[in-house]
Amino acid sequence: NYIGLIHRNIGNNQKALYYYQEGLKVTNKSPNTLIESDILNNMGSLNWYEGKLEKALIYYQKSMNIRENFPDEKERLAGSYNNMGNVYRDMKDHQSALSYYNKSIRISKSLGDLNLYSVTLKNKGIVYYNSDELQKAIDYFSKSLNISKNINLKRIVKENYYHLAKI
């Protein structure tokens, strides 16, 4: 899984996919583990980055289904909900995107995971921007901006300023 992540990060997606598939072969001996869910999630991300939204959705869904069986792993589940929201957002299914983002926000806020909370607020702002609900978009970008400034998430600060400038 980690070798696959390294290859994905350097843009070698075919090798990343190979290592993810090899990792799944190993986890298939004891399925429904958190490692399997992480690999499936990474395969979803790889497909999302490549614009293969239907495939991304399938991998994210499988990962999420496993994670829902681990009550002590709510942070991972919140990440899955955010990822599902991203795919639905890109598919222009705004209602489904907002539904998943709301689940991610609820969990990340309750856990005090300000990083994911800030990212998901920004993502929700993008949905509202794309839906021409500009005041809501401003509200969510501003909330995310304040949090990301306070915890020094420079990339998210930059992205929020970018989105606010477009409005």
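Is arginine 89 buried or exposed? Select arginine 89: at 9% relative accessibility, this residue counts as buried. Buried means under 20% relative accessible area, exposed means over 50%, and partly exposed lies in between (1.4 Å probe, protein chains only).

**Before you go on**

This is a predicted model, where local features need pLDDT of at least 70, side-chain atom pairs count only at pLDDT 80 or more, and totals for chains, interfaces and linings use all residues. Residues are numbered from 1 along each chain as its sequence is written, and side-chain values use heavy atoms, with hydrogens and water left out.

**Stop 1: the whole chain**

Show the chain as a cartoon. Nine helices and zero strands make up its elements. From the N terminus on, the order reads α-α-α-α-α-α-α-α-α. Helices (H or I, at least four residues) and strands (E, at least two) are DSSP runs, numbered from the N terminus.

Now show the surface. The chain exposes about 9,000 Å². Carbon and sulfur atoms supply 50% of that area. Accessible areas come from the Shrake-Rupley method with a 1.4 Å probe; for residues, only the protein chains shown count as cover. Of the 167 residues, 49% count as buried.

**Stop 2**

A salt bridge is a side-chain nitrogen of Lys or Arg within 4 Å of a carboxyl oxygen of Asp or Glu. Aspartate 90 is partly exposed, with a relative accessible area of 31%. Side chains of opposite charge can pair when their charged atoms come close.

How many salt bridges does a search of the whole structure find? The search finds eight.

**Stop 3: helix 3 to helix 5**

Select aspartate 38 and arginine 76. Their salt bridge has its closest N and O atoms 2.8 Å apart. Aspartate 38 sits in helix 3 (residues 34-49) and arginine 76 in helix 5 (residues 74-90), so this pair ties together parts that are 38 residues apart in sequence. Aspartate 38 is buried at 18% relative accessibility. Arginine 76 is partly exposed at 27%.

**Stop 4: helix 7 to helix 9**

Select lysine 122 and glutamate 159. Their side chains meet in a salt bridge (3.0 Å, N to O). Lysine 122 is in helix 7 (residues 114-130) and glutamate 159 in helix 9 (residues 154-166), so the pair links parts that are 37 residues apart in sequence. Lysine 122 counts as buried, at 7% relative accessibility.

**Last stop: a network**

Select Asp38, Arg67, Glu73 and Arg76 together. Salt bridges that share partners join these residues into one network.
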